[in-house]
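Here is a short report for a reader new to this structure. Please look over the sequence and the model before reading on.

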Amino acid sequence: MENTDHTLLPEPRSCIYWSTLDFSETSFNGNKQEFISIVNKALKQYSDRRLLVDEFRLRISLGDSYRESVSLIEKWVPLITAVGVKVFRLSILSQNIPGLIHLPSVVFEAESLHDLYVERLVLDQKAVEKMVHFKQLRSLRLHRVCVEEGVFRKIIASCPLVEVMHLHGCTYLRNIKLNNLHNLTEFFFSARNAAEEICGIEIDPPSLETINLSYGNIWFHEGAEFRISKPWVLSVAKDSNIRPGYLSMLRTWISLSINQFPMNDEIVIQENINLALGNGCNNKP
């Protein structure tokens with residue numbers, strides 16, 4: 001919890017509004033049972049006394065006791081939703097687990113979900129069968145998960161307001177379309193290794209500020225515009241090209257930082273040039 005001594009809340013005389021509760025298993029120095037006990041007691045207090053909370057952060061590690069941890073997720077997420085949490089941030093860490101562990105479906109049933117980080121789990125049809133339409137989900141980070149394209153498309157369709165998306169080493173993704181994510185500002189993608197089939201990514205939101213790709217092909221529609229309101233960063237591969245309709249990402253990293261532009265300047269992908277900077281300029285390098 002945010003109160004570092006892990007004490008619970010005092011007996012309330014009237015309704016209490018608690019701004020942030022932060023439970024991270026790593027802060028308990030390997031004492032998983034203490035972590036479980038503290039979270040259980042806090043959730044019971046909030047449920048029994050109808051206390052209010054603005055933000056609830058939960059960071060749980062599966063590890064060797066992955067079956068118990070999955071059961072806890074299935075138990076805690078509905079309780080967190082039931083107590084009326086406004087903002088729910090969930091991280092599921094899954095290092096050193098044997099076999100394939102499936103993401104519990106309750107995760108995508110939590111309407112208050114704001115940030116989601118999932119590591120080394122399987123996202124299948126069962127995980128999204130009762131998925132809600134997320135009005136708050138702003139950050140989606142998937143690390144080495146197994147997710148089929150149909151499942152991923154359903155996830156994308158259900159979180160239209162997402163601003164940050166990181167996809168690292170995700171199995172089975174070969175075609176990604178993000179054209180409808182009009183609030184997307186940051187997109188990171190990397191394949192598991194260079195031997196995999198190159199993933200095609202179609203993206204066209206004008207809100208983008210940062211793109212970082214490794215081992216992928218990204219398509220921008222010809223004439224796509226990226227408006228500069230903040231420093232804009234494009235990380236691409238050495239010897240890559242921006243051509244009419246697409247930007248091919250290969251292997252070795254370089255970074256191009258575009259800073260100190262007036263508010264209304266643009267980066268425009270134009271025919272026969274690599275990168276056009278300025279107010280829609282047609283000058284060729």
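Rings of Phe, Tyr and Trp (its six-membered ring) pair if their centres lie within 6.5 Å; planes under 30 degrees apart count as stacked, over 60 as edge-to-face and the rest as tilted. The structure holds five aromatic pairs. This is a predicted model, in which local features need pLDDT of at least 70 and side-chain atom pairs count only at pLDDT 80 or more, while totals for chains, interfaces and linings use all residues. Residues are numbered from 1 along each chain as its sequence is written, and side-chain values use heavy atoms, with hydrogens and water left out.

**Aromatic pairs**

A pair of aromatic rings is described by the distance of the centres and the angle of the planes. Two of the pairs are set out here.

| Pair | Centre to centre | Angle between planes | Type |
|---|---|---|---|
| Phe 28 and Phe 35 | 5.5 Å | 65° | edge-to-face |
| Phe 35 and Trp 76 | 5.7 Å | 80° | edge-to-face |

Phe 35 lies in helix H1 and Trp 76 in helix H2, so their pair ties together parts that are 41 residues apart in sequence. Helices (H or I, at least four residues) and strands (E, at least two) are DSSP runs, numbered from the N terminus. Phe 35 is buried, because its relative accessibility is 0%. Trp 76 is buried as well, at 0%. Phe 28 has a relative accessible area of 4%, so it counts as buried. Elsewhere, ring pairs link Phe 23, Phe 56 and Phe 88 into a cluster.

**Helix H2**

Helix H2 covers residues 66-82, 17 residues in total. The expected span of a helix is 1.5 Å times one less than its number of residues. For H2 that gives 24 Å, and its end C-alpha atoms are 24 Å apart, which agrees. Buried residues of H2 are Tyr 66, Ser 69, Val 70, Leu 72, Ile 73, Trp 76, Val 77 and Ile 80. An α-helix has 3.6 residues a turn, so residues three or four places apart point the same way. The buried residues of H2 pack against helix H1 (32-49), strand E2 (52-61) and strand E3 (87-93). Contact here means heavy atoms within 4.5 Å. Just after H2, Gly 84 takes a positive phi of about 80°.

**The nonpolar core**

A nonpolar core is a set of buried Ala, Val, Leu, Ile, Met, Phe, Trp, Tyr and Cys residues joined through side-chain atoms within 4.5 Å. The largest one has 73 residues. Among those touching the most other members are Phe 88, Leu 123 and Met 165. Leaving aside residues up to four places away in sequence, Met 165 touches residues including Leu 140, Phe 152, Leu 178 and Phe 187.

His 168 is found in strand E8 (residues 164-168). His 168 has a relative accessible area of 25%, so it is partly exposed. A polar contact (a pair of N or O atoms within 3.5 Å; within protein, one must be able to donate a hydrogen and the other to accept it, and residues adjacent in sequence count only if both atoms are side-chain atoms) of 2.8 Å joins the side chains of His 168 and Ser 190. The C-alpha atoms of His 168 and Ala 191 are separated by 6.2 Å, though the two are 23 residues apart along the chain.

Most residues other than glycine have a negative phi. Arg 120 has a positive phi, near 60°. Arg 120 is in the loop between strand E4 (113-119) and strand E5 (122-123). Arg 144 has a positive phi near 55°, and lies in the loop between strand E6 (139-143) and strand E7 (146-147).

Key. Buried means under 20% relative accessible area, exposed over 50%, partly exposed in between (1.4 Å probe, protein chains only).
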